[in-house]
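Let's take a walk through this model together, starting from a single side chain and ending in the core. Keep the structure open beside you as you read.

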Amino acid sequence: MDEYETLLKRITIDPDMLVGKPCIRGMRISVEHILEALASGISQQKLLEEYPVLEPEDVRAALLYAKEVVATERVYLVGQQ
């Protein structure tokens with residue numbers, strides 16, 4: 001198993017937890033929450049301090065998951081003028 005696969009295994013999806021949003025290792029910390037925190041300027045170090053159950057690999061996994069979702073996204077032009 002390569003490093004990407006190992007990281008992506010940290011992302012779990014359970015329809016009974018957070019309405020099925022991707023979470024970190026079965027915890028109630030969503031990938032979305034991590035991305036939102038990073039996008040708002042919170043450093044990885046501060047995020048890890050605020051959530052001591054998180055590990056640096058969890059943050060990397062969230063970023064990798066987001067990259068994978070965007071990489072498979074399809075864009076269709078509608079109503080071209």
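Which backbone nitrogen does the side chain of Thr12 reach? That of Gly26, at 2.8 Å; a polar contact here is a pair of N or O atoms within 3.5 Å, where within protein one must be able to donate a hydrogen and the other to accept it, and residues adjacent in sequence count only if both atoms are side-chain atoms.

Before going further, a word on the source: this is a predicted model, in which local features need pLDDT of at least 70 and side-chain atom pairs count only at pLDDT 80 or more, while totals for chains, interfaces and linings use all residues. Residues are numbered from 1 along each chain as its sequence is written, and side-chain values use heavy atoms, with hydrogens and water left out.

Thr12 belongs to strand β1 (helices, H or I of at least four residues, and strands, E of at least two, are DSSP runs numbered from the N terminus). Its relative accessibility is 28%, so Thr12 counts as partly exposed; buried means under 20% relative accessible area, exposed over 50%, and partly exposed in between, with a 1.4 Å probe and protein chains only. Leaving aside neighbours within four places in sequence, Thr12 is in contact (heavy atoms within 4.5 Å) with Lys21, Pro22, Cys23, Ile24, Arg25 and Gly26.

One of those partners, Arg25, sits in the loop between β2 and α2. Arg25 has a positive phi, near 45°, although it is not a glycine. Leu18, in the loop between β1 and β2, also is a residue other than glycine with a positive phi, near 50°. Most residues other than glycine have a negative phi.

Now turn to helix α2, residues 31-39, whose buried residues are Val31, Ile34 and Ala37. These cover an arc of only 130° around the axis (taken from the directions from the helix axis to the C-beta atoms), which puts them on the same side of α2. An α-helix has 3.6 residues a turn, so residues three or four places apart point the same way. On the face turned away from the buried side are the exposed Glu36 and Ala39. Among the elements covering the buried residues are β1, β2, α3 and α4.

Finally, the largest nonpolar core has 15 residues, and Ile24, Ile34, Leu47 and Leu54 have the most contacts inside it. Such a core is a set of buried Ala, Val, Leu, Ile, Met, Phe, Trp, Tyr and Cys residues joined through side-chain atoms within 4.5 Å. α4 gives the most to this core, with 4 residues.
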